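Visitor: Please show me the structure, and then let us go through it by question and answer.

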Amino acid sequence: MPTTYRSLFRAPEFTPLFLGSAAQNAGGTVGGLALGTLVYRTTGSPLLSALSMFGPSLAQVLGATFLLSGADRLPPRTTLAAISLTFAVATAGMALPGLPPGALLAAVLLLGLVAALGGGVRWGLLNEILAKDGYLPGRSLFNMMSGLVQIAGYATGGALLAAVSPRTCLLLAAALYLTSAVVVRLGLTTRPPRAAGRPSVAATRRTNALLWSSRPRRLTYLGLWLPNGLVVGCESLYVSYAPGAAGTLFACAALGMLAGDVTVGRLLPPAVRTRMATPLLLLLATPYLLFFLHPPLVLAAGCATVASAGFGASLVQQERLMTLTPDELSGHALGLHSAGMLTMQGVGAALAGSVAQLTSPASAMTLMALASLAVTLTLATAGRQERKVPAPVPAGR
């Protein structure tokens, strides 16, 4: 098992996968902020703005239902390059002037459908490159990269939106997606699929049912999906809460996520780390309760930073998921985690935007945080009950 982040880059193919993912994340950060701003300026609707940024996540459930068997049955290099190229073309198309908000939302939903497959392929390949004992530090490093890219992307995107149009920023995002496609295509080697057979809806459904049949895996999946998605609903309202400073709030949230990933991935010993999922999920939601008081920007940014450190809980939960999953299903299992998480983020954004339409962005943030806390405590109670149930005695004993 690699003991340092530097040693991870000595693993064959880790570096191009890392750099390609960085370019993909940068494109998503800049493009999402630009699209959310474009839709809000056009419509003035918190709901449509939130859906334009996080709406692709809603389509993840369709990808998990129909496409996810391809995560282990398609060649990783070709699949990842094709997905990045699809994002580049679609994002460039969204920059065309005169497109109505409905057409933009349809395009982002299509991208969400494609992204569901990409998550499974990427994380399955990472698990294959590093082996199961190296997955946690590797994923921690990817999360840190994502946090740094989001900090830089939201800060740069906010500055660019003050100087140029959102459509220009969308073209920049398309160029970043194209860069990701080139890096992946040239940097990765040809690998065979991890599982035999053709991708199909039936194979996806069978494997989903198998993964869902285990109660410990079910609880782990729900813990990865629900609290996270509800808090992302809070984040989806940054544009409508502070239209002129949304980039600052997003950057601070990314900084907090980076701090949480470093703490969980590098600083906490394994014995402590395994007990930190619930405390981190509680930290993820609690600071958003203060938004009901309409705090000034400095305090709001501090709350976003502290709260996002709680996203480090996903590393603990993913490590547990990998201990509960056979190697040949790792890509599908991680793809299901990614697709379900992003789907719930889209649901959270839609729910938060709907509540904000009826009340206010600040009130909606508070209600979403309360819901996340309630779900976290319910799942923690169910997990304790699971551990208290004695294992069944095998027949004949």
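Guide: A residue counts as buried when its relative accessible area is under 20%. Please note that the model before you is predicted.

Visitor: Is Cys 303 buried or exposed?
Guide: The cut-off for a buried residue is a relative accessible area under 20%. Cys 303 has a relative accessibility of 5%, and therefore Cys 303 counts as buried.

Visitor: How many disulfides does the structure hold?
Guide: A disulfide requires two cysteine sulfur atoms within 2.5 Å. The sulfur of Cys 303 is 11 Å from the closest cysteine sulfur, in Cys 252, which is too far for a bond. For Cys 169, which is buried at a relative accessible area of 2%, the closest cysteine sulfur is also in Cys 252, at 19 Å, again too far for a bond. The number of disulfides in the structure is 0.

Visitor: Which helix gives the most to the lining of the second largest pocket?
Guide: This pocket holds about 210 Å³ of space. At least two lining residues come from each of α2 (14-43), α8 (135-163) and α13 (246-267). With 4 residues, the helix that gives the most is α2.

Visitor: How many residues of the lining of the second largest pocket are charged?
Guide: The lining consists of 14 residues, and those nearest the centre of the pocket are Thr 37, Arg 41, Leu 161, Pro 243 and Gly 244. By class, the lining has 8 nonpolar and 5 polar residues, and the number of charged ones is 1.

Visitor: What is the angle between the planes of Trp 123 and Phe 142?
Guide: The structure holds 13 aromatic pairs. Trp 123 and Phe 142 form one of these, with ring centres 5.4 Å apart and an edge-to-face arrangement, the angle between the planes being 80°.

Visitor: Which helices hold Trp 123 and Phe 142?
Guide: Both Trp 123 and Phe 142 are buried. The two residues are 19 residues apart, and their pair links distant parts of the chain. Trp 123 belongs to α7 (residues 101-130), and Phe 142 to α8.

Visitor: Which residue lies over the face of Trp 123?
Guide: Trp 123 is part of a cluster that ring pairs form with Phe 9, Phe 14, Phe 18 and Phe 142. At 3.7 Å from the ring centre of Trp 123, the residue over its face is Arg 139.

Methods
Residues numbered from 1 in each chain as written. Predicted model: local features only at pLDDT ≥ 70, side-chain atom pairs only at ≥ 80, totals over all residues. Heavy atoms only, no water. Buried < 20%, exposed > 50% of the residue type's maximum accessible area, 1.4 Å probe, protein only. 1 Å grid on protein atoms, 1.4 Å probe; cavity = no way out; pocket = protein on both sides within 12 Å on 5 of 7 lines; lining within 4 Å. Points joined across faces, edges and corners; volume = space filled by probe spheres on them. Nonpolar A, V, L, I, M, F, W, Y, C, P; charged D, E, K, R; others polar. Phe/Tyr/Trp six-rings, centres within 6.5 Å; stacked < 30°, edge-to-face > 60°. Lys NZ or Arg CZ within 6 Å of the ring centre and 35° of its normal.
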